[in-house]
Amino acid sequence: MNNITNAQNPFYGQYHTPHGTVPFDRIKTEHYEPAILEGIKLQNAEIEAIIQNPEKPDFTNTIEAFEESGELLDKVVAVFGNMLSAETNDDLQELAQKIMPLLSEHSNNITLNEKLFARVKEVYNQKETLQLTQEQKQLLENAYNSFVRHGANLKGEAREEYRRLTTELSKLTLTFSENNLKETNAYQMLLTKKESLAGLPDIIVEAAAETAKSEGKEGWVFTLHAPSYVPFMTYSDNRDLRQKLYMAYNTKCTHDNEFNNIDIVKKIANTRMKIAQLLGYKDYAEYTLKKRMAENSESVYKLLNQLLEAYTPTAQQEYKEIQELAREEQGNDFVVMPWDWSYYSNKLKDKKFNINEEMLRPYFELEQVKKGVFGLAEKLYGITFRKNTEIPVYHKDVEAFEVFDKEGKFLAVLYTDFHPRLGKRAGAWMTSYKDQWIDKKTGENSRPHVSVVMNFTKPTENKPALLTFNEVETFLHEFGHSLHGMFANSTYRSLSGTNVYWDFVELPSQIMENFAIEKDFLNTFARHYQTGEVLPDELIKRLVDASNFNIAYACLRQLSFGLLDMAWYTRNTPFEGDVKAYEQEAWKDAQILPVVPEACMSTQFSHIFAGGYAAGYYSYKWAEVLDADAFSLFKQKGIFNQEVADSFRNNILSKGGTEHPMVLYKRFRGQEPSIDALLIRNGIKK
């Protein structure tokens with residue numbers, strides 16, 4: 001690496017930015033590839049140094065040395081991977097098609113390195129006699145298991161087959177994700193007649209007009225992005241247009257064009273199955289669940305079936321009520337279809353509780369919501385947030401905050417990115433640009449840089465960003481993940497923050513969602529954006545009363561996704577059939593609404609085909625059982641109770657993956673979680 005390259009590429013050397021944050025303002029697409037190649041080269045040299053060490057393998061010279069390898073590569077890949085989700089473009093996606101196979105090959109070169117594994121195994125075999133801390137034991141366990149789970153015990157042709165399959169999988173998941181984004185961005189529904197807008201709130205009409213204007217079109221443009229799609233499906237009086245938009249959304253990546261994911265779904269499922277079987281597992285779910293709280297498919301199905309049995313009668317009753325309301329308006333032969341559900345649900349909710357999203361929206365101005373959510377963290381944990389415009393960001397919509405602990409010491413950097421744009425994938429997520437760890441030479445606690453990314457309602461020419469209640473809940477959810485990252489306090493970065501079992505990672509996020517209907521929390525920030533009037537007690541009461549409205553239908557919807565996920569990943573023979581038919585069969589027990597044969601979830605189900613939730617979607621419900629049980633402690637002692645908050649921070653948020661999650665949970669809660677707390681909270685059980 002020469003000095004000229006060193007000076008030109010911002011990834012090399014230290015970042016000269018506040019807290020060593022990513023210098024987004026200096027990074028160009030052409031910087032990624034050379035930095036990644038250099039990172040691979042450096043890590044290879046570090047691995048070689050471990051192998052060539054003449055000393056007997058021990059925890060320090062093998063396990064810790066391996067943990068500390070690849071710093072440059074990790075640094076570059078963190079930015080590259082995050083930009084592919086939050087601010088991508090054609091050049092970046094083209095580069096990803098080239099880079100991802102290289103990264104997959106590099107990863108395989110490490111885990112299939114026989115000499116390196118021999119040293120790791122030698123240390124692992126001595127684990128009972130080594131004087132290790134709990135964290136060190138966990139790091140050793142994780143290192144050894146990671147090698148085994150990534151093919152280290154394979155021999156000859158099996159090793160080469162593993163390399164081929166994992167490289168293929170990295171390409172497939174990337175293409176799946178790109179197709180989904182492109183198909184979402186490609187669709188627009190242009191309306192040119194005022195009467196087509198009947199039922200839609202002014203703020204949605206205004207946003208659609210601005211979208212049309214930005215495209216140089218006359219009229220109103222609706223898209224498949226959540227802030228446009230969800231309100232249209234909820235409020236539009238025009239059933240034909242609702243059906244049109246629903247079909248566009250629910251047939252994504254099934255059309256006869258370059259974005260079709262049908263074959264890719266089959267290939268991903270089959271490739272994962274082959275990898276699992278190559279490693280000695282009967283299917284991919286068995287492989288995945290080995291490192292989860294659930295441990296096996298039986299436990300997952302037990303939970304899904306328990307919830308299915310508990311919630312189905314109520315969900316059927318909910319559908320019946322919606323159907324009755326619709327028939328009062330449309331006649332006795334009217335059948336509520338999926339494109340009618342949100343519309344008539346909203347009408348029934350309004351009729352029963354005199355409340356809807358648009359009634360609440362004026363009280364949830366984004367800047368106020370930010371103050372409320374940040375204020376909640378200050379109340380619970382004593383942390384404070386200070387915006388710092390000197391910290392570079394990757395888009396003008398992004399803000400960067402310094403976070404300080406209760407003693408005023410620097411805790412973390414938090415980036416917030418709230419609104420949809422063409423370069424950002426759908427949904428909401430928390431991510432990390434830098435994990436936390438403790439430098440064992442200096443003792444310095446290197447603090448994390450985390451980000452929350454969402455797709456919320458944008459401001460318009462006449463109104464600030466006014467969020468729906470659902471968006472407020474989403475903010476709290478992702479912020480809960482960010483607390484998990486920000487409070488991280490582990491010696492090793494691979495055990496830090498959200499590096500926990502996948503079915504435990506949703507606990508902090510779902511705990512935070514519970515605050516959304518708490519009056520004492522809402523009173524701290526919910527103000528009408530024009531009058532400054534606080535959210536009236538009567539509206540809060542209605543909000544609380546309505547909090548379990550259609551809860552059983554919502555539960556069955558989540559269960560249907562869990563069943564679909566398990567159906568794809570408990571397969572032990574290759575799938576060559578009809579993806580749509582297979583999907584409909586897989587989740588039929590959780591379907592309440594009539595089936596639409598053309599619709600397909602699998603082709604756009606990024607969580608399980610391009611994200612980390614393959615054989616893991618059940619974890620949302622798993623964590624919901626935990627969060628209902630855990631939040632009952634807050635309810636019992638007070639939602640801002642310092643003792644409970646401190647215990648949650650110390651036993652859950654700061655511990656990362658240093659111990660088994662059930663040990664951590666029981667330390668916080670004093671008992672094992674019970675499904676009853678969730679059933680009681682949802683009004684299913686008295």
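A polar contact here is a pair of N or O atoms within 3.5 Å; within protein, one must be able to donate a hydrogen and the other to accept it, and residues adjacent in sequence count only if both atoms are side-chain atoms.

Now the ground rules. This is a predicted model, where local features need pLDDT of at least 70, side-chain atom pairs count only at pLDDT 80 or more, and totals for chains, interfaces and linings use all residues. Numbering starts from 1 along each chain as its sequence is written, and side-chain values use heavy atoms, with hydrogens and water left out.

Start with helix 14, residues 297-330. Helices are DSSP runs of H or I, at least four residues; strands are runs of E, at least two; both are numbered from the N terminus. Asn296 caps the N-terminal end of helix 14. A side-chain oxygen there lies 3.3 Å from the backbone nitrogen of Glu298. Further along, helix 14 bends by about 40° at Tyr311. The bend is the angle between axes fitted to the seven residues ending at a residue and the seven starting there. Pro313 follows within four residues. After the helix comes Gly331, with a positive phi near 105°.

Next, helix packing. Axes are lines fitted to C-alpha atoms, for helices over the stretch in contact, and angles run from 0 to 180 degrees between N-to-C directions. Helix 3 (59-67) and helix 7 (134-149) have axes that come within 11 Å and cross at roughly 70°. Contact means heavy atoms within 4.5 Å. Helix 3 contributes residues including Phe59, Ile63 and Phe66; helix 7 contributes, among them, Leu139, Leu140 and Phe147.

Leu633, Phe634 and Lys637 meet Glu643, Val644, Ala645 and Phe648.

Two strands pair if DSSP finds at least two bridges between them. Strand 6 pairs with strand 9 (449-453) in the antiparallel sense, over five bridges. Lys434 stands opposite His449.
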